[in-house]
Amino acid sequence: MSPSPNNQTAVLPNIADVVAMVKPSVVAINTEAVAFDFFNRRFTEKGAGSGWIIDSNGIIVTNNHVVEGATTISATLEDGRTFDVDAKKVFTDPLADLAIMKIDAHNLPALKVGNSAKMRVGDWVIAIGNALGQGIRATEGIISNKGVSIPVGQGQTLYDLIETSAAINPGNSGGPLVNLAGEVIGITSAKIAASGVEGMGYAISTETAIPIIRELVQKGYVTRPWMGVSLYTVDRFAVMRYGLSVEKGVLVTGVVAGSPAAKAGLRTGDVITKIDGKEVSTTEDLILAIRSAQIGQQMVVTYIRGTAENTVTVTLAESPRPTG
């Protein structure tokens, strides 16, 4: 027996109620930055993004790329109040494309954070943000995929992303992706769409984002396990350019003085092929291995120098505090 129309209607989500619950906690962010045209003439470039209130005492979450390089930042609440944001109260993590800012306001409507790990492919979600810089708007969709990794720039990949059919437009960046309980399960990012991915929206899962946000709130920067190397995935160009004796692995293009890699004896030109006996073929393989380790953990690194295979033990350190 097929379900009756009434039963079908009953299971449809009430999007309007969720939007009404969440919208007061979504913030429109406007920025200005100094830029230069083709003739090196200086001009002011305006930008728009989104954020959401995570703490009632004025802590707002957004994307790093929304505020990166901005000379002025303002945050407008749904009630119409606009706050100028002190640059000293903006804390960022460029690697994860996350940022927080503090405004001088209290008793704000903070959003609840949901468990992104419990979301399933096919679950309804709603993206709310300052789409196209035209004010707070909502789009709905479903979760299309989970655990997606996408490169978004030179040497930068975002991991554990939620893929959604909800439209994510410029200006949505930093806004919340919420479930039908109005809980934040992702932070939307238009930067990913700008990387050539079309037809899908993407959000940084709260499972990944919340530990980073917590560190930004507590100390203003994020620490990670650190080896202290610059890397390049071995390809045909690298083999020819540097006369490598292997065609697969991760080429060390730089070693930070005094870093764990330097102390272990790794040098520029070495090709890392294994970590703890497991093969690594790309920079992403190696970065994920380091990120999944702990500060102070020892890793056995197998590498090729010239034609000889060597093994050293590297003790991962805490990543240096950002300068500036």
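This is a tour of selections in a predicted model, moving from its nonpolar cores to one helix and then to its aromatic rings. Local features need pLDDT of at least 70 and side-chain atom pairs count only at pLDDT 80 or more, whereas totals for chains, interfaces and linings use all residues. Residues are numbered from 1 along each chain as its sequence is written, and side-chain values use heavy atoms, with hydrogens and water left out.

**The cores**

Select Val 22, Leu 98, Leu 161, Ile 187 and Ile 213: these have the most contacts inside the largest nonpolar core, which has 29 residues. A nonpolar core here is a set of buried Ala, Val, Leu, Ile, Met, Phe, Trp, Tyr and Cys residues joined through side-chain atoms within 4.5 Å. Buried means under 20% relative accessible area, exposed over 50%, and partly exposed in between (1.4 Å probe, protein chains only). Helix H5 gives the most to this core, with five residues. Another core, of 20 residues, lies apart from it; Val 252, Ala 261, Ile 272 and Val 314 are among its members.

Now show what surrounds Leu 98. Leaving out residues up to four places away in sequence, its contacts (heavy atoms within 4.5 Å) include Thr 62, Asn 64, Ile 187, Ile 204, Ala 209, Ile 212 and Leu 216.

**Helix H5**

Select Thr 206, which is found in H5 (residues 206-219). Helices (H or I, at least four residues) and strands (E, at least two) are DSSP runs, numbered from the N terminus. Thr 206 is buried, at 3% relative accessible area.

**Helix H8**

Go to residues 283-291, helix H8, and pick out its buried residues, Leu 286, Ala 289 and Ile 290. They lie on the same side of H8, because they cover an arc of only 95° around the axis, taken from the directions from the helix axis to the C-beta atoms. Their cover includes strands E14 (225-226), E15 (229-233), E16 (250-255), E17 (271-275) and E19 (298-305).

**The rings**

The structure holds one aromatic pair. Phe 38 and Phe 39 have ring centres 5.2 Å apart and planes at 90°, so the pair is edge-to-face. Rings of Phe, Tyr and Trp (its six-membered ring) pair if their centres lie within 6.5 Å; planes under 30 degrees apart count as stacked, over 60 as edge-to-face and the rest as tilted. Phe 38 is exposed at 78% relative accessibility, and Phe 39 is exposed at 59%.

Finally, select Lys 219 with Tyr 221: the charged end of Lys 219 sits over the ring, 5.4 Å from its centre. Arg 241 lies over the face of Tyr 242, at 5.0 Å from the ring centre. The criterion is NZ of Lys or CZ of Arg within 6 Å of the ring centre and within 35 degrees of the ring normal.
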